[in-house]
Amino acid sequence: MEKTLNYNKSKKEINFVNQLTLPLKKEILSCRDFNGMKDAILSMKLRGAPLIGVSGAFGLLLWCFENSGKYQNEDVVNFMLAFEKARDEMASVRPTAVNLKWACDKVYNEVLAARPKFITEIIQMTERLCVEMDSEDIAICEKIGRNGALYLKEKFKGRKLRILTHCNAGALATCGYGTALGVIRAAHETGILDYVWVDETRPYLQGARITAYELMEDKIDNYLICDNMAGFMMKKGLVDAVITGADRIAANGDAANKIGTYSLSVLAKENGVPMFIAAPKSTFDLAIKTGDDIKIEERSEKEVTEMHGARVAPHGVRVKNPAFDVTDAKYISGIITEYGVIEKPYKSNIKKALS
Ligand code: MRU
């Protein structure tokens, strides 16, 4: 499995696939500066909750490289004050996925707690934390995959499953392997996958462009459908389970994910199809009681009025483009994590599983 981010220590650069040009062109980009990483996350060259978390942390490492020369090596206090500002700037680039804030806070807080005496120590520590976070994310996704596949095997008594997914919660949304797509990959490896329904995921088409691409690369059977076809497939009895990722999960189990996930969950409930969320611990925000308190990112209206630069709506039309929605916990049959599958009642079971 290819890694999503590649850190070149000698060149002090981060290499990654530009997700905007997929699937037509696999373009590798190199980034050597903090603003470049911020732009890559904002413009969605890098996207997906766990991936933007680790990318944000690497962005802070690049900030350290760029700024250390402005300070005396002993001037840790002023360097950390500026580092804190950079952390806040990076953490706010995309507001819904809590993983970005989590990863930026983790690096800053651990460095601060170590009470470094020199800026060189801060840089070494930041570098180590980023590299660890990157490989830990892959290991966590593999665990999520294994836990999900085992659970599904038992629940469906080894039957071959037709799984519907939305957006891209795959290797390219993480440092490798994926969360929801990690479960699908593991189900395929376990021999319990029939095929995957891939929602195209308007407006940004992460399903059509990225999930279908990943599944094709891995030779996993799939059908691409438009988002408005999912209900029809469920009603026809052609979907055994829905599995998506998440960008932020509140203490009561409400889960923010790509716009359209909520509609899918209601359709799944109506049609007796279980709906699962697959996510790592870093996606839980226990400070938030319910999904009502999750900030939803609004993106450019061009994402709705244009497709690949071609206008598809009348000029002057009024547009809304919320990038995420919140699925109420009551519609979620289970949350697949690296610690196992969390079932209802979520409030107490989430607390137990994550402590
Ligand atoms: O706007 P995006 O493409 O970053 O949104 C991604 C999603 O909504 C994913 O489902 C979520 O981040 C989980 S990724 C493992």
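Helices (H or I, at least four residues) and strands (E, at least two) are DSSP runs, numbered from the N terminus. The model is predicted: local features need pLDDT of at least 70, side-chain atom pairs count only at pLDDT 80 or more, and totals for chains, interfaces and linings use all residues. Residues are numbered from 1 along each chain as its sequence is written, and side-chain values use heavy atoms, with hydrogens and water left out.

Two cis peptide bonds are described here. One joins arginine 202 and proline 203, with omega about 5°. Proline 203 sits in the loop between β5 (193-199) and α7 (206-217). Another runs from leucine 22 to proline 23, with omega near 5°. Proline 23 belongs to the loop between β2 (13-17) and β3 (28-31).

Cysteine 167 has a positive phi, near 65°, and is not a glycine. Its loop links β4 (161-165) and α6 (180-190).

The ligand is surrounded by 19 residues (a heavy atom within 4 Å of the ligand). The closest are Arg47, Arg94, Gln206, Asn257 and Lys258. Polar contacts are pairs of N or O atoms within 3.5 Å; within protein, one must be able to donate a hydrogen and the other to accept it, and residues adjacent in sequence count only if both atoms are side-chain atoms. A polar side-chain atom of lysine 258 lies 2.7 Å from a ligand oxygen. For the side chain of arginine 94, the distance from an N or O atom to a ligand oxygen is 2.8 Å. For that of aspartate 247, it is 2.9 Å. The protein buries 99% of the 420 Å² that the ligand exposes when taken alone (Shrake-Rupley method, 1.4 Å probe).
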